[in-house]
Amino acid sequence: MSPTTQIPAPTRSGPAGEQATLKPIKLLKQTLGRDRLAAVGAMIIVLVVILAVFGQWLAPFPDQGMGATNASARNLAPNAWNWLGTDQLGRDVLSRIIMGANPALTISAVVVAAAALIGIPLGAVAGYCGGWLDEALMRVTEIFQAFPPLLLAMVTVAILGPSLTNAGIALAISWWPWYARLVRAEAKSLRERSYVEAARAMGIPQLLIISRHVLRNCMTPILVQATVDIGTVILAAGSLAFIGLGTQPPLPDWGLMVAEGRGLIFSSWWIATFPGLAIFLAVLGFNLLGDSLRDLLDPRQVKR
Amino acid sequence: MTHVLSIRDLNVEFTDRGTLTNRPVRGIDLDVSAGEILGLVGETGCGKSLTGLAALGILPRGARRTGQVTIGNDPSQASSEAGGSVAIVFQNPGTAFNPVFTLGRQLSDVLSRHRQISRSEGKAEIIRHLSLVGLPDPERVYRSYPHQLSGGMLQRAMIAMALLRKPRLLILDEPTTALDVTVARQILVLIDELRHKFGFGVLLISHNLGIIRDVCDRVAVLYAGRVIETGTVDAVMNNPRHPYTRGLLGALPAGRTHGQRLTAIPGTVPGNLLSLTGCAFRNRCSHAVTDCSLTDPLLTETGPHQAVACLQEGEL
Amino acid sequence: MTNVLTLENIVKTFPHQRRVFTAVDNVSLSIKEGTVYGLVGESGSGKSTLARCAMQLMRPTSGRAVFEGHDLGKLEPKALRTIRSRMGMVLQNPVASLNPRMTIGASVAEPLRTHTALKGQALQARINNLLDEVGLGAEHTHRLPHQLSGGQCQRVGIARALATSPRLLILDEPTSALDVSVQAQILNLLQDLQQQKGLTYLLISHDLDVVRYLSDDVAVMKTGKIVESGTAERIFTDPRHDYTRRLLEAAPGHGRPEMADSHTLPTLTTQGND
Ligand SMILES: Nc1ncnc2c1ncn2[C@@H]1O[C@H](COP(=O)(O)OP(=O)(O)O)[C@@H](O)[C@H]1O
Ligand SMILES: Nc1ncnc2c1ncn2[C@@H]1O[C@H](COP(=O)(O)OP(=O)(O)O)[C@@H](O)[C@H]1O
Ligand code: SF4
Ligand SMILES: [Mg+2]
Ligand SMILES: [Mg+2]
């Protein structure tokens with residue numbers, strides 16, 4: 001790589017500068033347009049959302065989806081009537097998967113929203129103000145981050161009692177430090193920007209500077225992180241349910257279904273496999289989209 | 001005198017999926033003789049850098065050049081095959097080097113690509129070049145990483161790197177814009193000195209007519225991808241014939257004190273030139289007449305050392 | 001004539017590799033009402049740091065900044081914010097000094113919202129008026145910074161600094177990022193505004209021609225110290241300090257380089273890039 005043959009970067013608005021001005025919606029459109037994997041991810045996400053919203057009308061057996069048993073149809077292999085078979089209580093696996101989308105998506109959205117709501121303001125203030133406040137906050141987040149999130153969640157649920165809500169609280173507690181650190185790092189670099197200095201010179205109150213100039217300009221990385229995290233939380237909530245600390249039977253939950261079907265994996269493989277596949281696809285969808293957004297945002301990682 | 005670079009009817013076009021999107025360089029003719037400094041001047045966006053890159057055959061993605069570029073005596077239609085005989089130095093010395101390697105290592109890479117030479121000979125050659133460009137303690141510079149040197153020192157090292165290729169033509173794209181005045185001056189002096197010593201031709205790109213006036217022998221004023229005035233520096237600076245050249249000169253604050261207004265050129269350089277008819281400067285020109293929007297002015301000689309592309313040239 | 005801004009013995013140090021680095025070294029100056037004070041020096045000489053200390057964007061290590069009789073270092077944060085509405089600042093990089101997500105109108109409105117009670121129609125009228133003053137049409141209100149050229153962005157920066165009708169403008173390299181032709185437009189604008197409104201400027205630049213063109217008084221700064229100061233006329237026609245003379249000789253457009261001074265080799269520095 002000889003400097004004498006480099007093409008100079010354009011002086012006005014380099015790639016980073018251009019990205020910074022893109023609106024999230026426009027960004028999404030761009031990503032989907034040029035990245036097949038991202039489009040696949042988006043399709044999966046749209047499917048999950050449709051199932052979550054319209055699940056009770058789409059499921060062939062909504063009552064079984066919610067837990068009603070059917071003693072005459074236990075452990076049926078996939079067939080024309082029960083496309084994905086039935087479980088050991090005779091419930092239609094497809095219906096339970098469809099109706100499981102709603103709690104899975106709700107909890108992950110709530111968890112990510114809660115974590116973001118706690119983490120973003122704390123991180124922004126810490127990163128912008130610096131000093132002892134920053135130090136203190138960073139020590140706290142480090143303590144939280146020293147525990148694996150699942151372990152932290154297990155402890156919390158063990159104290160509060162197992163339920164979907166408590167699992168959500170537990171996950172939010174272990175998730176916010178990531179947002180705090182992400183926003184802090186962004187805020188720290190944005191603080192040095194010329195337009196922030198200009199705002200300070202104009203005597204704009206600090207809180208306005210933080211919200212208007214700092215937070216507004218780190219929304220895109222937060223959006224990327226949140227997209228990936230929704231998938232991750234679906235997995236985490238499923239894991240909690242799997243070990244009995246999340247959703248309780250007979251409510252539909254993908255993690256719980258995997259747990260219920262685990263013992264029969266050799267005789268009735270469909271009971272555990274299809275919900276597992278549902279988790280896999282949902283997580284994959286959010287990750288694909290999130291990763292592509294990240295690639296688009298970070299010029300150093302752009303694939304050629 | 002022999003030309004080390006001659007460009008005939010150079011066009012640079014940008015295409016996007018087969019359709020032409022822009023033509024920022026539109027039919028440029030240039031000649032640089034051995035030992036001569038030709039200045040290429042114009043506002044940002046006039047196509048100066050693209051002209052330099054096209055001469056070297058290293059255009060950015062999506063760009064295509066047409067026309068003839070001859071370096072030395074061998075016409076080279078295609079890419080960077082010009083290789084050893086042309087070198088380019090860019091504006092920002094801070095980003096032109098790789099921060100994780102020493103300068104010695106980076107200069108060796110360039111040298112070994114151009115010449116079969118042993119390691120120790122190579123090092124001696126590099127150190128010789130580093131002292132040639134006026135770097136004190138070249139041994140230390142050889143061992144230094146880019147961040148350990150100042151901008152001026154890095155720009156000297158860039159020039160040393162260019163010299164390693166024994167160029168017959170050196171293209172300098174805004175070589176001093178990122179530097180302080182005193183350092184910039186030293187760099188310009190160095191270039192002036194080196195071209196006398198080695199006899200290579202120089203294409204010096206700058207947006208500042210003051211710099212051009214100080215060091216160039218001849219100048220070509222570029223506007224919207226065209227040469228609109230060219231000639232010896234003395235002729236063009238003392239008797240600018242084109243309204244744009246006059247505007248650029250009038251914009252220089254040098255020697256003026258307050259109270260005197262600068263003659264700023266109103267407006268900005270047009271971004272896209274595809275649908276242009278007539279003179280590209282007419283929206284900003286105070287001498288424009290109706291004919292200016294119909295007829296595209298051609299470069300015509302107005303004196304022994306000067307040519308101008310303006311319909312109203314005689315009236316000014 | 002009264003002094004609008006007085007800096008007294010300003011010192012600013014930064015920690016640097018376990019030692020202290022003195023960026024501004026005991027600088028004093030005072031700027032008379034309605035005049036332009038030019039501060040010239042190479043990059044790294046401490047000009048921007050001095051400007052930040054003057055605005056109290058950075059607390060000086062020692063020394064006082066007195067604006068309209070108030071010692072800025074002794075003011076409460078709220079009082080300081082209010083007083084900043086009477087000082088304006090224009091920064092070097094025009095595009096970067098505007099929030100990329102805020103429209104031009106919103107950027108200019110920001111100081112007005114904070115320091116005045118203007119709302120709705122009246123606010124919009126004032127914004128249009130300010131944009132008009134700096135030579136931008138009202139159609140720019142809804143554009144984003146990246147849709148404007150560098151020169152236009154700098155006009156917005158000036159409009160924004162003028163929004164609260166300040167007495168003093170601190171201009172930190174206002175034209176260094178611009179082409180010579182655009183620089184001329186901005187310099188003309190700055191000169192017109194200064195004369196129409198009787199503004200006081202602290203003009204910082206590494207370009208002697210720019211400083212000479214606008215300034216009444218000039219100080220030459222080198223490695224944190226003022227090495228020479230006086231009226232612009234005197235400094236440029238009769239420079240006394242060696243460094244000032246060297247700066248003057250080096251400025252572009254002042255004649256062909258002498259082969260003789262080509263052997264003044266640069267001193268080897270171990271510091272980073274300037
Ligand atoms: N990738 C590109 N696609 C389309 N147009 C381009 C591209 N790069 C440069 N241009 C056009 O080329 C013109 C000249 O660019 P450049 O040679 O860099 O100008 P200069 O060096 O004189 O500032 C610009 O005005 C721009 O419109
Ligand atoms: N926040 C800071 N921390 C440490 N060093 C700084 C800081 N700001 C400026 N400096 C140093 O102070 C010196 C003067 O910088 P500056 O005031 O920006 O110079 P100028 O504006 O004249 O180019 C430089 O060497 C710079 O590295
Ligand atoms: S041709 Fe017409 S518009 Fe163009 S520069 Fe000459 S007078 Fe002006
Ligand atoms: Mg260029
Ligand atoms: Mg500065």
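1. Between chain C and chain B, 10 residue pairs are in polar contact, counting pairs with both residues at pLDDT 80 or more. Please keep in mind that this is a predicted model.

2. On the side of chain C that touches chain B, the elements giving two or more residues are α6 (180-197), α7 (208-214) and α9 (242-250) of chain C. Of these, α6(C) gives the most, with nine residues.

3. How much area is buried between the two chains, chain C and chain B? About 4300 Å², with carbon and sulfur atoms giving 53% of that area. In terms of contacts, 52 residues of chain B meet 47 residues of chain C.

4. One salt bridge is found across the interface of chain C and chain B. The partners are Asp192(C) and Arg261(B), whose closest N and O atoms are 2.7 Å apart.

5. Helix α7 of chain A (residues 149-160) supplies the largest share of the patch, six residues.

6. Why is Ile243(A) called partly exposed? Its relative accessibility is 44%, and partly exposed covers the range between buried, under 20%, and exposed, over 50%.

Key
Residues numbered from 1 in each chain as written. Chains lettered and ligands numbered in written order. Predicted model: local features only at pLDDT ≥ 70, side-chain atom pairs only at ≥ 80, totals over all residues. Heavy atoms only, no water. Helix = DSSP H or I, 4+ residues; strand = E, 2+ residues; numbered from the N terminus. Buried < 20%, exposed > 50% of the residue type's maximum accessible area, 1.4 Å probe, protein only. Contact = heavy atoms within 4.5 Å. Buried area = accessible area lost by both parts, 1.4 Å probe. Salt bridge = Lys/Arg side-chain N within 4 Å of Asp/Glu carboxyl O. Polar contact = N/O pair within 3.5 Å; in protein donor to acceptor, adjacent residues only side chain to side chain.
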